[in-house]
Amino acid sequence: MAMDKWAAWVGGAPYTGAGEYFTVDEPATGHVLAEVSKLGPEDVDRAVRTARTQFESGVWQNQSATQRGKVLLRMAQLIRDEVETLSQLEARQVGKPIRDARDEVLTAADCFEFYAGAANKLHGDTIPVSQPGLDYTIRVPVGVVGLIVPWNFPFLITAWKVAPALAVGNSVVVKPASYAPLTALKLGPIAQAAGVPDGVLNIVTGPGGQTGEALASHHDVDKIAFTGETTTGSRILALAAARVARVSLELGGKSPTIVFPDVDVDMVARLAVASAYANGGQDCCARSRLLVHRDIAEAFTERFQGYVRQLKIGDPLDPTVDMGPLVSLAHRDRVRRYVESGVQEGARLVLAPEAYSVPTHGFYQAPAVFSEVSESMTIVQEEIFGPVSTIQVFDTEEEAIAKANATPYGLSGSVFSRDIGRALRVAHRVKSGVLSVNSIKSVHLEAPFGGFKMSGIGRELGLEALELYTEVKNIFVALD
Ligand code: NDP
């Protein structure tokens with residue numbers, strides 16, 4: 001296949017900066033898929049200045065919220081029109097099963113629709129202050145917003161940020177992940193065709209340490225919304241601190257599924273496999289820590305590893321495949337080192353990756369399941385971001401909660417029990433931003449999403465995301 005060259009998108013047109021490129025590999029083959037413009041700090045500066053000029057001109061923020069909503073609605077439709085192209089690209093650039101890629105592209109369209117409708121629902125308050133007069137609040141866009149996106153759900157997470165940021169009138173500069181910039185780049189022409197004024201949505205590509213840092217540290221970026229690793233998030237906080245820029249962070253996770261003995265063990269085991277191994281475990285919400293009551297531990301472990309064995313691993317473009325390759329060779333090797341560390345630290349490998357035969361080309365990694373693990377083990381504490389899970393046994397409700405909370409993260413989790421009182425008691429005490437009872441669904445476009453502890457700051461999605469991209473202004477009018 002002829003290698004594609006992709007430009008960044010600045011001021012409503014393709015932008016190649018100094019003409020340098022980096023390569024994007026196709027994880028299923030290990031071959032180069034595309035070359036993409038590698039922008040430097042001066043290019044990021046140009047994108048930010050373009051966004052600033054358009055923001056101050058009022059060309060977008062001064063349109064009525066209803067009108068901005070109509071433009072977002074057209075973006076949603078254009079995404080739906082391109083669902084096949086976008087899904088194929090997404091599947092190929094990260095090795096994601098095509099079935100999942102389609103779902104995610106359609107959910108990204110849903111996300112634009114949600115914020116299209118939400119645009120004119122954001123309003124302020126009137127406040128009964130003690131001075132005679134009228135006191136009221138309005139919400140104004142933050143200004144120029146930098147949106148930094150990871151590779152695991154590249155198009156969907158871009159939508160999570162772009163849609164609310166545009167809905168409330170900001171200008172944005174998006175920095176996609178270097179493993180997966182292609183679908184995000186498609187959003188430039190889509191926004192233009194839908195009627196977003198040129199220069200309001202810009203997309204800069206290049207290495208995080210260079211292009212991303214230039215954006216996060218730019219003096220004229222009012223806010224950074226970041227999704228990615230906790231260490232990168234902490235660096236972004238430090239970069240933003242000097243100018244007191246606004247920052248929201250969606251970071252890593254190490255989420256638990258807690259299983260009490262009064263459940264349908266088979267059904268919960270099947271669901272738990274999906275929540276731990278979907279997207280090859282490359283999911284910030286992956287429930288990779290199974291906490292199982294002693295009475296059902298043996299039966300659960302047997303069923304769980306049985307369902308993991310049934311996962312079909314192979315070509316992501318095959319619609320029957322459950323798991324494709326991991327995103328890169330470096331990431332696959334990192335996951336392998338975690339599996340080795342589990343064995344070295346004394347965990348029992350219930351299901352070894354060697355039990356599978358996976359394609360030898362590309363970046364494939366078969367699943368692993370560990371039991372007999374303790375809280376102190378690396379595989380229980382650190383986010384592996386791959387197809388590896390651990391099973392721990394508990395005896396009491398208190399112990400389950402303590403084990404669930406025994407990591408630095410607090411993003412997601414599931415509790416399974418027929419005793420709804422117990423399930424809710426546990427749900428309230430697990431320190432995480434989202435939690436599902438008798439379900440593995442942890443993300444809803446209409447509801448807030450984000451983490452406690454080292455999993456982040458702020459809430460995306462739902463109406464909360466509109467607050468993330470606006471400032472509150474209080475106005476007092478004397479009436480005497
Ligand atoms: P990274 O933190 O490595 O990268 C995320 C983004 O930040 C990429 O665009 C990257 O660019 C960029 N970046 C890297 N270094 C810098 C820097 N110094 N300054 C500015 N930008 C930088 O994360 P991954 O892409 O590896 O994503 C995986 C992580 O994301 C996991 O930890 C996962 O848990 C987390 N995640 C969290 C979610 C949540 O909502 N809580 C959702 C999805 C993922 P480049 O690609 O060029 O390096």
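**Ground rules.** I number residues from 1 along each chain as its sequence is written, and my side-chain values use heavy atoms, with hydrogens and water left out. Since I am working on a predicted model, local features need pLDDT of at least 70 and side-chain atom pairs count only at pLDDT 80 or more, while totals for chains, interfaces and linings use all residues.

**Entry 1: the domains.** I began with the division of the chain, taking bounds that come from an automatic or database domain assignment. Domain 1 covers 4-251 + 455-476, and domain 2 covers 256-444. I looked up the distance between their C-alpha centres and got 31 Å.

Entry 2: Two strands pair if DSSP finds at least two bridges between them. I found an open sheet of three strands in the order 1-5-4, with mixed pairing. Strand 1 (4-6) and strand 4 each have a single partner strand, so one side of each is left without a neighbour in the sheet. On average, neighbouring strands are turned by 30° against each other, direction ignored. Strand 1 runs parallel to strand 5 (residues 31-37), and three bridges pair them. I picked out Trp6, whose bridge partner in strand 5 is Val36.

Angles run from 0 to 180 degrees between N-to-C directions, with axes as lines fitted to C-alpha atoms, for helices over the stretch in contact. Helix 3 touches strand 1, strand 4 and strand 5, and makes about 90° with strand 4. Helix 6 (residues 182-194) lies across strand 1 and strand 5, at about 40° to strand 5.

Entry 3: Strand 16 (residues 368-371) and strand 17 (residues 388-394) run parallel, joined by four bridges. Within that pairing I noted Val369, which has Ser389 of strand 17 as its bridge partner.

**Entry 4: where the domains meet.** I counted 25 residues of domain 1 in contact with 29 residues of domain 2. The two domains bury about 2200 Å² between them, with 59% of it on carbon and sulfur atoms; this is the accessible area (1.4 Å probe) that two parts lose on being put together, summed over both. The rule finds one salt bridge across this interface, where a salt bridge is a side-chain nitrogen of Lys or Arg within 4 Å of a carboxyl oxygen of Asp or Glu. On the domain 1 side, the elements giving two or more residues are strand 4 (21-26), helix 3 (83-94) and helix 4 (98-118). Helix 3 gives the most, with four residues.

**Entry 5: salt bridges.** My tally for the structure is 23 salt bridges. I looked up Arg80 and Asp110, which form one with the closest N and O atoms 2.6 Å apart. This pair links distant parts of the chain, from helix 2 (residues 65-81) to helix 4, 30 residues apart. I also noted Arg99 with Asp322, where the closest N and O atoms are 3.1 Å apart.

Note on methods:
Contact = heavy atoms within 4.5 Å.
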